[in-house]
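Please consider the structure shown below.

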Amino acid sequence: MNATNIPASGPKIELPNTAYILPDNIAMWPPVWWTWLVVAALVVLFISIVTIKLISYKRNLYRRDAIKLIDTLETLDDVAFLTQCHQVIRRCLLTLGRNDLASLPSQDLFDQLDQGLAPKHQFKQLGSVFVTGAYQPDLSLKAEQKEAILRLTRHWCRRHRKYA
């Protein structure tokens with residue numbers, strides 16, 4: 001319908017100012033007064049999570065370095081292989097500040113470490129070869145023994161805690 005077809009049946013009312021009659025536009029943001037508090041809490045939460053993850057990442061850097069070193073040990077001869085496995089474990093303990101454990105003789109050290117491990121991940125299942133093998137001049141390890149030593153050393157480096 002256009003304006004010429006509208007019947008002029010009644011009196012027209014002229015409004016002086018429509019601003020007094022119509023409400024203002026309703027703002028879309030912020031919907032309530034405490035929205036800024038929620039936004040601020042979310043920002044603080046996000047920054048806190050990122051900070052905690054960053055601190056954890058930096059704190060566990062020595063573990064990642066130890067696991068990288070363990071992955072390169074397969075090519076060494078047997079005596080150097082066992083010596084390096086022992087050194088990696090001792091370095092992890094030194095990084096944690098456990099100088100008392102790191103300075104123990106090998107047998108006492110691994111007995112102490114086995115106390116906090118599940119039976120399937122204990123070093124004593126490797127036998128005396130793991131503890132005293134580095135001191136034997138004619139040591140020869142089988143492939144499955146090397147794999148078991150690598151697996152347990154890698155597991156210990158990944159899972160040890162500060163109370164180790």
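A disulfide is a pair of cysteine sulfur atoms within 2.5 Å, and the structure holds zero of them. Cys85 is likewise in no disulfide, and its nearest cysteine sulfur, that of Cys157, lies 8.7 Å away. Both Cys85 and Cys157 are buried, each with a relative accessible area of 0%. Here buried means under 20% relative accessible area, calculated with a 1.4 Å probe and protein chains only.

This is a predicted model, in which local features need pLDDT of at least 70 and side-chain atom pairs count only at pLDDT 80 or more, while totals for chains, interfaces and linings use all residues. Residues are numbered from 1 along each chain as its sequence is written, and side-chain values use heavy atoms, with hydrogens and water left out.

The protein chain contains seven helices and zero strands, where helices (H or I, at least four residues) and strands (E, at least two) are DSSP runs numbered from the N terminus. Of its 164 residues, 28% are buried. The accessible surface, computed by the Shrake-Rupley method with a 1.4 Å probe, comes to about 12,100 Å², and carbon and sulfur atoms account for 61% of that surface. A contact means heavy atoms within 4.5 Å. Among contacts with a separation of 6 or more, 61% join residues 24 or more positions apart.

Helix 2, spanning residues 61–71, has Tyr62, Arg63, Ala66, Ile67 and Ile70 as buried residues. Seen down the axis of helix 2, these residues fall within an arc of 135°, so they line one face of the helix; the arc is that of the directions from the helix axis to the C-beta atoms. They pack against helix 1 (35–59), helix 3 (78–95) and helix 7 (143–159).

Helix 3 also meets helix 5 (residues 106–114): their axes come within 12 Å and cross at roughly 65°. Axes are lines fitted to C-alpha atoms, for helices over the stretch in contact, with angles from 0 to 180 degrees between N-to-C directions. On the side of helix 3, the contact is made by His86, Ile89, Arg90 and Leu93, and on the side of helix 5 by Ser106, Leu109, Phe110 and Leu113.

Note on methods: Buried < 20%, exposed > 50% of the residue type's maximum accessible area, 1.4 Å probe, protein only.
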